[in-house]
Amino acid sequence: MVVKKLSDLVADFLSEKSVRHVFAISGGASLHLIHSVANHPSIDYICNHHEQASAMAADAYSRITGNLGVAIATSGPGATNLITGLCCSYYDSVPVLAITGQVNTTRMVGNTGVRQVGFQETPIVSICAPITKYAVQISDPLDILYELEKCFFIATSGRPGPVLVDIPDDFQRVLVDRSKCRKFLPDTDIVPTIYPNLNDSSAYIISQLNISERPIIIAGWGVHLSGFKNQLLEFAENFSIPIALTWGAADLISASHPLFVGTFGTHGNRHANFAVQNADLIISFGSRLDTKSTGSPVNTFARQAKKIVVDVDPSELSKFSHFGLKIDSLILQDLKFANLKPLIHRAKEFSFASKLPWLDQIKDWKSLFTLMDDNARKSICTEKVNPYVVFDLLSQSICTETNLIFDTGCALAWGMQSYLPNHLTRIFHDFNNTAMGWSLPAAIASALATPCRDTICLIGDGSFMMSLHELAVIKRYKLPIKIFLFNNSGYGMIQQTQDQWLDSDYVASSYEGGLDFPDFRSLANSFSLKYAEVASNDSIESCVSNVLKESMPILCNFIVSDKMRVIPQVKAGYPNEDLEPLLAREVFYDQMIIPPFSPDSQRPLNYQA
Ligand SMILES: Cc1ncc(C[n+]2csc(CCOP(=O)(O)OP(=O)(O)O)c2C)c(N)n1
């Protein structure tokens, strides 16, 4: 008979699943859990300063390691503080286990109709049900291993995602006989979905590739999640299909690869948007094709292309008809189990001559539009630091294995448009929730999970303010994180929207509009961070090179003009090929292959064609 305290069984379980770091904040209802983790020889616990940061760090830890990320919080405010981070994991399909402490079972609301009985009691399971794949409260101590195994299975199988287990305080300290615990058997407890094999559609895909002159592969985060990258590349290379990337897959292939198109979408590159919009065949793997990818109205997206979408989630596939986007072939497939080999073998039957002008066309767009947009960027950024230059220099300078951890705002868009990935870099962001402040706890997770890789956190001043407290964790463990702060004294991304729709009135997005910021040099000093400041383009190069060599945590403050914007960018309501600054109409018409978006009735207000 093996009798153990229940919270010790939880720690054992995490260790058996190879979890090495747990992100936690203590509280009356989580103490036994945290002590068990602390006493476990193979797990380290990291004390964050906000449960949101614990959830975000767990989220990033999972993205980076491919294993389960774990956060522990106490009941009530501790548990509810996890929510934003759990949303990041839910929308991006990241396996995370949130463990919350709950009040004693004798002090629960039950069906009394009152709001609260136990101190800090809150119904975290029902609150989190819509943003987790599974959320459960332990109602019998003998269920603990069953529920943990079930959580793990659900979090990591099919379309992955976060799960939550809520453990009452009195159960945490109960002694449990492991041999009496209920066992979880996935085969009988969960009926697996049977996915049709991608191969069933191979004849159709081949027939479409045969007649296509302008095919594009769209690759999304699901390709990373399912380890499908190598097969996808082999497929693309054998059929010479260029690859456009969503932000979730921005680092999938090196920029030097001949089939690399780069990132597309409302904040993507102009040449990539021209390529996607003018394609005659789109094969999308592991992307849910959200509105950032399709633009709006959604029926303007690649409107003359045959569209084949391969995704693991039936709901994602069936959503398109609700939004008016016609997809020609919907393929339900978990890419983890996909086999493209039979399709790839058929490349021999193929004639590629007809595809070559298409690859050249994309190259031509790239040189033409990059030059135009670079000039537009320079003309708006006449003082201080041009952030696009920072990303150019980073592209040239990174020569060690590096995780780039992006926050939201312009820094993300600037980086996604202009950072040129190489085989050494991985890019991480909470792409679909894109919560301000995610990148700092995520960078902490990166430095802990992959100490042999460099970690660079790229963050705007507004987002930095939302996670500043986590600098204490960096200080405590001397994590050698390089923080690139893009300091434009406000919310540039919001100001750009205000330029487009609200007469450039920077309410709640500028100093005049109510924001204020600290002196970042003093801030760095108070957290024992090294500090560097760059106020002009001339000093970017030497600073980037010095900061990259740094082995201690460092904050590098890039002073960016508050006039700097994301260039180019699609204004809501315009089709994705027509990005601001709008091209001169004669150039635009000349470059478009398919007819420009025409139905007057669907043309957005003020749209000047
Ligand atoms: C938690 C949260 N609140 C609000 C937003 C909306 N939002 C998106 S970007 C942004 C401004 C970010 O400011 P900063 O980090 O300084 O970047 P900048 O836009 O100036 O480049 C805001 C408020 C958000 N994404 N997340």
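1. The ligand is surrounded by 16 residues, the closest being Asp-461, Gly-462, Ser-463, Gly-492 and Met-493. A residue is taken as near a molecule or strand if one of its heavy atoms lies within 4 Å of it. This is a predicted model: local features need pLDDT of at least 70 and side-chain atom pairs count only at pLDDT 80 or more, while totals for chains, interfaces and linings use all residues. Residues are numbered from 1 along each chain as its sequence is written, and side-chain values use heavy atoms, with hydrogens and water left out.

2. By class, the shell around the ligand holds seven nonpolar, eight polar and one charged residues. Here Ala, Val, Leu, Ile, Met, Phe, Trp, Tyr, Cys and Pro count as nonpolar, Asp, Glu, Lys and Arg as charged, and the others, Gly among them, as polar. Helix 19 (410-418), helix 21 (461-465) and helix 23 (492-501) each give at least two residues to this shell. Helices (H or I, at least four residues) and strands (E, at least two) are DSSP runs, numbered from the N terminus.

3. Oxygen atoms of the ligand lie 2.7 Å from a polar backbone atom of Gly-462 and 2.8 Å from one of Met-493. A ligand nitrogen atom is 3.0 Å from a polar backbone atom of Thr-434. Of the 580 Å² of accessible area that the ligand has on its own (Shrake-Rupley method, 1.4 Å probe), the protein covers 77%.

4. Gln-137 stands opposite Asp-166 in strand 7.

5. Another open sheet of six strands, also paired in parallel, has the order 11-10-9-12-13-14. Its edge strands are strand 11 (260-263) and strand 14 (329-332). Strand 9 (residues 215-219) runs parallel to strand 10 (residues 243-245), joined by three bridges, and Ile-218 stands opposite Ala-244 in strand 10.

6. Helix 13 (residues 270-278) lies across strand 9, strand 10, strand 11 and strand 12 (281-285), where contact means heavy atoms within 4.5 Å. Helix 13 runs at about 110° to strand 11.

Terms used:
Two strands pair if DSSP finds at least two bridges between them. A polar contact is a pair of N or O atoms within 3.5 Å; within protein, one must be able to donate a hydrogen and the other to accept it, and residues adjacent in sequence count only if both atoms are side-chain atoms. Axes are lines fitted to C-alpha atoms, for helices over the stretch in contact, and angles run from 0 to 180 degrees between N-to-C directions.
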